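User: I am new to this structure. Please walk me through the terms used for it.

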Amino acid sequence: MSANEDPRALAELLWGLRKPHTRGPRPAFDLARLADTAVKVADTEGLEAVSMHRVAAELGLTKMALYRYVKGKTELMAIMIEAAVGTPPDLSGAAGWRAKLEEYARGLSAAWRRHPWLPSITVGDRVMGPRETAWSERALSALTDAPLTERERLDAVMMVSHHIRATHLAATQGTQTWTDGSAAPIMRDLLLLNASRFPLLATAVAIPSTTTTREFGLLALLDGLERTITQRIHNNGDEQAASPPDPP
């Protein structure tokens, strides 16, 4: 999806700030039903099947009638995203920031498995709705007590989200040559036959992996974040120990 043509109009739509029409017939549907209909089309036939004309036909409307609800495909996509993301996972049952972020990552991955088209259209400079925004807020809550700045916490959440997005996009687009897709067995055979030319790759693909690319990458990412947080705690402790006591 391209960048918003009118970000303010999208904000009004997604956050319930748009004034309802006062002229013409009363709308027969609400935005939720419209969004759910478009989501079902995308889930069953792919995002390319979604159009103003198609969604209007599914609802028994004319294309022009659909413009009473959304101003065009950009707005249609925006309400689809807001409907499809669902509710962020409850992290309260996980112990510690790392377990909470792992639970967040699992929830995000599950949402994108249900709607494989989501990762590709939730990128770029765009206005998000309150449900989608709640995912970032929930993930940030995992790092409330971590010795990081507010911006660093947001960066950490974005790193986790970007990693999950990248691995889902790779799987959806069939670019995981070494681990997934119909071409993977063929590539393995070719590499094994040409092991003298590509010895490192041939060795790597010959050994079954115990983790997915997504799992391994998330573990490595969180290991690095854990090291940063541990070092901050250690440094803060040293600073407090070195500080002179307050005068009586």
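This is a predicted model: local features need pLDDT of at least 70, side-chain atom pairs count only at pLDDT 80 or more; totals for chains, interfaces and linings use all residues.

User: What makes up the protein chain, in helices and strands?

Analyst: Helices (H or I, at least four residues) and strands (E, at least two) are DSSP runs, numbered from the N terminus. The protein chain has 12 helices and 0 strands.

User: Why is Leu191 called buried?

Analyst: Buried means under 20% relative accessible area; exposed means over 50%, and partly exposed lies in between (1.4 Å probe, protein chains only). Leu191 has 5% relative accessibility, so it counts as buried. Leu191 lies in helix H10 (residues 184-193). Leu191 and Leu201 are 10 residues apart in sequence and 7.0 Å apart in space, C-alpha to C-alpha. Across the protein chain, 36% of the 248 residues count as buried.

User: How do you know that H5 is mostly covered?

Analyst: Of its 12 residues, 9 are buried. Among them are Leu76, Ile79 and Met80. The cover over the buried residues of H5 includes helix H1 (7-14), helix H2 (31-45) and helix H8 (130-141).

User: How does the reach of H5 compare with what is expected?

Analyst: The expected span of a helix is 1.5 Å times one less than its number of residues. Helix H5 (residues 73-84) reaches 16 Å from its first C-alpha to its last, close to the 16 Å expected. After H5 comes Gly86, with a positive phi near 70 degrees.

User: What makes a nonpolar core, and which residues have the most contacts inside the largest one?

Analyst: A nonpolar core is a set of buried Ala, Val, Leu, Ile, Met, Phe, Trp, Tyr and Cys residues joined through side-chain atoms within 4.5 Å. The largest has 54 residues; those with the most contacts inside it are Leu34, Val50, Leu66, Leu76, Met80 and Trp117.

User: What does Leu34 touch?

Analyst: Contact means heavy atoms within 4.5 Å. Not counting residues up to four places away in sequence, Leu34 touches Val55, Leu59, Leu66, Tyr69, Val70, Leu76 and Ile79.

User: Which residues does UniProt list as "DNA-binding region"?

Analyst: The unreviewed UniProt entry lists residues 51-70. Such annotations may be inferred rather than shown by experiment. In this model, residues 51-70 are 55% helix and 0% strand.

Methods: Residues are numbered from 1 along each chain as its sequence is written. Side-chain values use heavy atoms; hydrogens and water are left out.
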